[in-house]
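Some notes on helix packing and chain interfaces follow, as numbered points. Please read them alongside the coordinates.

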Amino acid sequence: MSAPARVESSAPVDQPATGAGTTAATVQYLLRLGDDALVLAQRLGAQLTRAPQLEEDVALANIALDLLGQARPLLARAGELEGRGRDEDALAFLREERDFLNCQLVEQPDVDFAGTIARQLLFSCYQLPLLQALTTSADEVLAGVAGKGVKEVAYHRDHAVQWTLRLGDGTEESSRRMQAALDRLWPFAAELFESDDLVRSLAVRGVAVDPASVRPRWDADVDAVLAEAGLARPSSVRVATGGRRGLHTECFGYLLAEMQHLARSHPGATW
Amino acid sequence: MSAEVRAEGGHGAVPVEGVATGTPTPTRASRRDWPLWEVFVRGRRGLAHTHVGSLHAPDATMALRNARDVYTRRQEGVSLWVVPAAAITASSPDERDPFFAPAADKAYRHPTFYEVPEGVQHL
Amino acid sequence: MPVTDPSPALQAAVEPDEAALAERFERTVAAEERIEPRDWMPEAYRKTLIRQIAQHAHSEIIGMQPEGNWITRAPSLRRKAILLAKVQDEAGHGLYLYSAAETLGVDRAELLDLLHAGRQKYSSIFNYPTPTWADVGAIGWLVDGAAIVNQVPITRCSYGPYARAMVRICKEESFHQRQGFEILHHLSSGTPEQHAMAQDAVDRWWWPSLMMFGPPDDASPNSARSMAWKIKRFSNDELRQRFVDMAVPQAEALGLTLPDPELRWDAESGHYRFGAIDWTEFHEVLRGNGPCNALRVEHRVRAHEEGAWVREAADAYAAKHAARAGAEVAA
């Protein structure tokens, strides 16, 4: 192990990053990845019965199921490493908003189908190279989830790309809506690539991947799709950020209230 | 009770009187749905593609993707074909006698037609 | 629909008359062979099938809503995944069935329009609300249980595409009833609040489930023709009895009570006897006065209308890229 580095994050991970510090940092990192997948699955799951065509209901549900399937072992692994007896459900249903570490992009509501697709495009173009790099993570569970996830997310990205092309290069209305959705969501993209001491220290240990390293690939992929679809790369300079530190947009509280209500109404119950 | 109700279909009783039954497709002025595609799945290597059903999609690219989502959710396939339904030419059902009956009396095409002496093997 | 061989050369040689065609149809059905899409069939047979398959398909896709309601609120991640997969299956089953209906020469867009306009219906069971999580369990156990009893005989329906769709659907649905039973089992043996939630849901769903089989046989005079055509295989009352006989011991295993004081085992007939069904409620729901009739159709119409610009965009894109798409088809 290399020299201990101080790790900064929302949670008090103040120990030197030897065994305990690295473990605590890994827990945080697993929560970031797991919460991204969980929250996006929650958004997509809510779209079932609302898609523009029945075939698309089935497609969106498949993507939601893949993401939920990624979230569960990530959260379970986080709980296991944390050692406080929290399982995937305790982490999903009993944490407070400030303890969720997903990026703000995935929590953004589904304004219309263009919004759903734009969010999918921005996220899957980031998630695919990230998971590809994580297949060799020193954390076996994480490497396993990444290995399986790469195939899933390759499909998610393809789905988003195909729809971006059709909406961008479809009708005047679809092009306008797709551009508006991109403009609306663009400020949330920068957060995906934010690097901090926590992720850098884990990257050094081969556990994590520095998200900044996948940015060039993301830029190239997204630019290529937008160009082919006749859409403009938004010029927004606003950068929305904070999710990795537990700061979320206003819509997120409602998402959690809905998701957690039943589980919290029956403390100690099993389902 | 007025309209008749019957347990038709999977989820039970539905009205059976005064229910519209649609207009035959050829008389319709224009198509309002995405085109219809027939879907064929190869269940595993070594098997031929088999027809499994149809779906609607705007183009071939999306038809393949929809077929993947709709018809292979449970690992039913290793390969998919989608074919525009309108691109399939079918023999006319009314012609099935002239088409297929002539094959009926040609039993000599089948190995069981031939007598082989007892004990002869590998034949 | 596939197009027919355009060469009329063969057809001229043998031109069967209507009577011969009808006779061939009857013979095929009687011999337990399947009628296939482009076979000659009596117009009434075709119309009966369109009505039945379309309303069956509508029931699948409207049936996504009462359970879909709980996807965002499922109390564990395992339950959320199961429910997502289940509601997704229902969309898939709707698609298989619309696909079967389209082999009869109608198109799905029109069938959906008829559903949205109220000119075709769906099973009235989906006009009941799902106020609690236990309703997801009760739908799986009772509603899907009743559906399976109804659907299994259709796998032998005389119309090939419908029978094949049902084989696929029945195979996939085998997990639906079990997951419902499992939900109720966990609730019933859970906290007192959970048990009460399960009992309340069963109390509300039991009678509507029995009504799913339709009015008593003596009030369903035209079933005879569907039976002769081997579209329907068993009478409403036969299927209802079969369902009750299966459900009663399952309720005992769940530790839940079925809300019928007259329910008792009749050793002589080897069946459970049950109380009289209140058909007034059934007909009210059917007439559109159920708790959720308007809600279900509105939700469906909204999704369809809000999706119109997406469907148009994909069509426009396909038209622009027709040459490229054509090349892909040819490859």
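1. H1(A) and H8(A) are roughly perpendicular to each other, a label given to angles of 65 to 115 degrees. Helix H1 (residues 19-45) and helix H8 (residues 197-204), both of chain A, pack at about 110°, and their axes lie 10 Å apart. Axes are lines fitted to C-alpha atoms over the stretch in contact, with angles running from 0 to 180 degrees between N-to-C directions; helices are DSSP runs (H or I, at least four residues) numbered from the N terminus. The crossing of H1(A) past H8(A) is left-handed, that is, the near helix is turned anticlockwise from the far one by less than a right angle.

2. On the H1(A) side, this contact (heavy atoms within 4.5 Å) is made by Thr22(A), Ala25(A), Thr26(A), Gln28(A), Tyr29(A) and Arg32(A), and on the H8(A) side by Leu198(A), Val199(A) and Leu202(A). By class, five are nonpolar, three polar and one charged. Ala, Val, Leu, Ile, Met, Phe, Trp, Tyr, Cys and Pro count as nonpolar, Asp, Glu, Lys and Arg as charged, and the others, Gly among them, as polar.

3. The model is predicted: local features need pLDDT of at least 70 and side-chain atom pairs pLDDT 80 or more, while totals for chains, interfaces and linings use all residues. Residues are numbered from 1 along each chain as its sequence is written, chains are lettered from A and ligands numbered from 1 in the order written, and side-chain values use heavy atoms, without hydrogens and water.

4. Two salt bridges are found across the interface of chain A and chain C. These chains bury about 4100 Å² between them, 67% of it on carbon and sulfur atoms (accessible area, 1.4 Å probe, lost on being put together, summed over both parts).

5. Chain B and chain C bury about 6000 Å², with 52% from carbon and sulfur atoms. Six salt bridges are counted between chain B and chain C. Glu172(C) and Arg73(B) form a salt bridge at 3.0 Å, N to O.

Notes. Helix = DSSP H or I, 4+ residues; strand = E, 2+ residues; numbered from the N terminus. Parallel < 35°, antiparallel > 145°, perpendicular 65-115°, else oblique. Buried area = accessible area lost by both parts, 1.4 Å probe. Salt bridge = Lys/Arg side-chain N within 4 Å of Asp/Glu carboxyl O.
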